Amino acid sequence: MLRIDRRLIQNFDWVLLGLMVILISMGIANLMSATHAQAGEGLAPEVRRQLLAVSLGSVGMLICLFVDYRILERLAMPFYFLSLALVGSTLFLAPVIHGSQSWLVFGPVRLQPAEVMKLGLVVALARSFHHQPAGELRLLRELWKPGLLLAAPVGMILLQRDMGVAVLTLLIGASYLPFARIQTRSWVAFGTAVIAALVALWNFGLESYQRGRILDFVDPARDPLASGYQAIQSTIAVGSGGFFGKGYLEGTQTQLRFLPTQHTDFAFSVLAEEWGFLGSAFTLLLYLLFLIWGLRIALHSKEGFGSVLAVGLVGALFWPAVINIAMVLGLAPVIGVPLPFFSYGGSSMLISMIAAGLLLNVSMRRYMF
Amino acid sequence: MPFVMIGVALTFGIFLMRLFQLQIIRGDEYQIRSERNSVRTVRLEAARGEILDRERRLVASTRPAFGVEVIPNELHAPQRTYDALGELLGREVLDLQGVVGSPGGRRRFQPIALATDLSYEERARVESHRYALPGVFTTIRPRRYYEAGESAAHLLGFIGEIGAEQLGTRRFADYRAGEIVGKSGLEYVLESHLRGRAGGRNTIVDVAGREMEVLDEVRAVRGGTAVLTLDRELQAVAEQALATSTEGETRTGAVVAMDVKTGDLLALVSLPAFDPNSFAGGIDSKTWQALRDDPLEPLLNRAITGQYPPGSTYKAVVAAAALEEGLITPEEKIYCPGSFRLGRRTYRCWKRAGHGWVDLQRSLVESCDVYYYQAGLRLGVDRIAFFARAFSLGRLTGIPIPNEQPGLVPTTAWKERRFGEPWHKGETVSTSIGQGYNLMTPIQLAVIYAAIANGGALVEPRVVRRLETKDGALVREYPPVFRGTVPVRPENLQLVRDAMEGVVSAPNGTGSRARVPGVRVAGKTGTAQVVRLKDDDAEEVEIRREHRDHAWFVAYAPVEAPEIVVAVLVEHGGHGGATAGPVAQAVLAHYFASKVSDETVPVLERSAAVETVSVGGGDASH
């Protein structure tokens, strides 16, 4: 069944894979530094777990490569509902960690269903948009089906009190909008609705600590020792890196653990502190290249579903990266979103690698139709 | 699609610009902030310099005090930590919680002291559990220790946190809030010498405040040493003697023992005293309030601040003045019928029956009031005042301890100024026996009698002999200071001295209780009236304590070559000879006993011979 076409190998996208491997390697090295203070000699348990996640991710990628991605169009809805069920189950099964219920715990394995949901959503939306007749302008109300597909998981994640992931999921879903050819007046109506929703959310939907985080972003000096502390410490870490950085394992903010959650959400601060402008600008360029490359895959795919799917997959990697980097640089409120390929976190790594695998899949099959 | 690519590229362009801004434009600024983040500067307090007595025995030293602090922000499980600490320190859990409270904001990151003076075992217990107690730290700070507790408390003074009002002043320009300074006594006077120099240590700390690495350290330098003129043992003897001079009552009063030739203070006692050790670690407000509100005023240094009418101790000054002015001769006899009449008033002699014909010698030995009424009237108040001032009354003796009071020497001009009334002759009468407006401090009495004893030289009381560095190198020496001589010819002083030996040694002398076997002691008793009693017949015991007279006694010895003068004041002690005399006797006895043992000359046979003589004599006072 797994017949390897020679053209598949000829068309294999080594650039995308190469970019991903570089990012993941840097992420592991960075994680070793971030956990160095606790671990002392040897590898920290976080590094071991991350390496395990990378191995699992590689297996996932390989499977994605061998199977024609078009099978996903048929499996889209079952996969979507499965991930929705996983997310829903956290409401009943998951323990409350840091104020939100977003983890499913199976013995030593902790799964974040919201990460799986990203993929499920992307696939389901790709299917939904692919089914729409292309070419003509659409009214907003014609988008009720993808809208519903998006609203269900976002609503459920909001119920888990995980604001950051809810926003992230919303943005990933919205990634399709620029490609959906919508009339201008619909955009206006949409914009109004979004603003109304944001106002309502601010007043009724947010916990006070979440409002606090946003206020802290607007004015980090509001309480330098409370939640604005993270933003300030991160900015200090990044800024103190200077041009050349303080050197690997030499970042004082990192090694003395002034950075909060430095191996997960603030992994990029560690990099910026130790490698300076040189290292962090290089990393940003790698991400940019990866994402542009992903969009190029969407552009070059001769097949409709593949093209739409690639757009969604790029969105699923773009938004967390943007939110995370903006937060680290003090440009966005502190939202617990991991940096794909970089932050410590098995679920994120696994899903990001599978997303990359699917992109590779679309890419190498671009000439087959 | 190209628009989306441009959008993505623009987003990352913004990130690059932000990186440029943070890392390159403002990189230096953040570099400094990150260093400040991780480098903690710890102040290392300097140990206060040692204070030694004249024999270089420790009087005040510094010892390490172990404390426990918590940083509220780092208490992971506050309740468990309090429970554990409560058990380790044997303290109430609620107590500990109360001390810490629930501070907010920046204060959560600042250490709060839970205990400042742990025993070695307690500290070891906490230290061995430290890793189970995150947020709990042990500290070692130097702490002042006064070797003999309350002894010489007023002379040494006490220390405490610098006051807010002091912080801005020039004297304390380089002090910071919370620093320990000398608040009174020598601790205050010698502050700059004893203080030492605080050090500092820069350590790299992690976010939990744990010290990871020492960057650099400047060791604290202990303050300099001060060598006093004080004799620690004699001080203790004097305190003991004063405290036990009457049983059942809290003895209040003062003792000054001084070298008559150099002005060296050998003992300076004021009772009741306080324990300066209770101030060393920061006094709690309850103890402080109690000390302040105590009606017996334990914080008052009675030896230099307490002003009392000199009573009959003044008679030596009046006698010297009258002799010098040629108004009396040693041979002249004045008749004492037991009272003296001036105008419509009658002034009594303390001895109702009268002394009969009294010459100078007897007038001092038996302290005849009528003799001095006459002598005083011949002199007039202003001439008395001239001599009193010449003997250093009414002005500061110059003892380098704060809050010395000058006493008071009344004159006609003074009364005019003070009350707008002319001086009455009757006031001269009471002035000439040291009552009325006269006021004197115990230290002044010692200076006056030192001058009489040493032939007329006025010494300035000396407390500090020398200042040394912590390693013993000389910083400054304080030679004896003389403030002139009294305007009385030596032969007249000799007459006064001769009489005063009789006060102690004559069978009818008022100071017989001050006899020391083997030593020729001279002295003078005195009684300072507190209130003028309407009914002189009142029985002593019925008079309320606070209305009872103060008892004075001043003595010097040995008569043939005076070395030491001892001035004693027993507040509300009644007659001077009876209550104050034995205190002086105890001090003199100890002084000569230890002197003898120092010189290792056996004198037992000698003292045994004289011992039998010291019985009898007049116990009456004045």
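Two residues are in contact here if their C-beta atoms, placed from the backbone, lie within 7 Å. This is a predicted model, in which local features need pLDDT of at least 70, side-chain atom pairs count only at pLDDT 80 or more, and totals for chains, interfaces and linings use all residues. Residues are numbered from 1 along each chain as its sequence is written, while chains are lettered from A and ligands numbered from 1 in the order in which they are written.

**Stop 1: where chain A meets chain B**

Show both chains. Their contact takes 33 residues from chain A and 33 residues from chain B. On the chain A side, select helix 11 (228-240), helix 12 (252-255), helix 13 (267-300) and helix 14 (304-328), each of which supplies at least two residues. Helices (H or I, at least four residues) and strands (E, at least two) are DSSP runs, numbered from the N terminus. Helix 13 of chain A gives the largest share of the side that touches chain B, twelve residues. By class, the chain A side has 23 nonpolar, nine polar and one charged residues. In this classification Ala, Val, Leu, Ile, Met, Phe, Trp, Tyr, Cys and Pro are nonpolar, Asp, Glu, Lys and Arg are charged, and the others, Gly among them, are polar.

**Stop 2: two helices in chain A**

Stay in chain A and select helix 4 (residues 45-66) with helix 15 (residues 346-364). They pack at an angle of about 25°, with their axes 8 Å apart. Axes are lines fitted to C-alpha atoms, for helices over the stretch in contact, and angles run from 0 to 180 degrees between N-to-C directions. Helix 4 of chain A is therefore roughly parallel to helix 15 of chain A; angles under 35 degrees count as roughly parallel, over 145 as roughly antiparallel, 65 to 115 as roughly perpendicular and the rest as oblique. The crossing of these two helices is right-handed. A crossing has that hand if the near helix is turned clockwise from the far one by less than a right angle, and is left-handed if anticlockwise. Residues to display include A:A53, A:G57 and A:M61 in helix 4 of chain A, and A:M349, A:M353 and A:G357 in helix 15 of chain A. The contact of helix 4 with helix 15 of chain A has 13 nonpolar, seven polar and one charged residues.

**Stop 3: A:S128**

Next, centre on A:S128, in helix 6 (residues 113-131) of chain A. A:S128 counts as buried because it has 21 C-beta neighbours inside 10 Å. The cut-offs are 20 or more other C-beta atoms within 10 Å for buried, 12 or fewer for exposed, and partly exposed in between, with C-beta atoms placed from the backbone. Beyond its neighbours within four places in sequence, A:S128 is in contact with A:K145, A:P146 and A:L149. A:F305 is 177 residues away from A:S128 in sequence, but 9.5 Å away in space, C-alpha to C-alpha.

**Stop 4: a sheet in chain B**

Move to chain B, which has 23 helices and 23 strands. Of its 622 residues, 45% are buried. Select the open sheet of five strands, paired antiparallel in the order 12-11-23-22-21. Two strands pair if DSSP finds at least two bridges between them. Strand 12 (265-271) and strand 21 (522-528) of chain B are at the edges with a single partner strand each, so one side of each has no neighbour in the sheet. From one strand to the next the twist averages 5°.

Zoom in on strand 23 (residues 564-570) of chain B. Seven of its seven residues are buried, so this strand is largely enclosed by the rest of the structure. B:I564, B:V566, B:V568 and B:V570 are on one side, with B:V565, B:A567 and B:L569 on the other. Seven bridges join strand 23 of chain B to strand 11 (residues 253-259) of chain B, where B:G253 stands opposite B:V570. Strand 22 (residues 550-557) of chain B also pairs with strand 23 of chain B over seven bridges, with B:F553 as the partner of B:V568. A hairpin of six residues joins strand 22 to strand 23 of chain B.

Helix 10 (residues 232-243) of chain B lies across strand 11 and strand 12 of chain B, at about 35° to strand 12.
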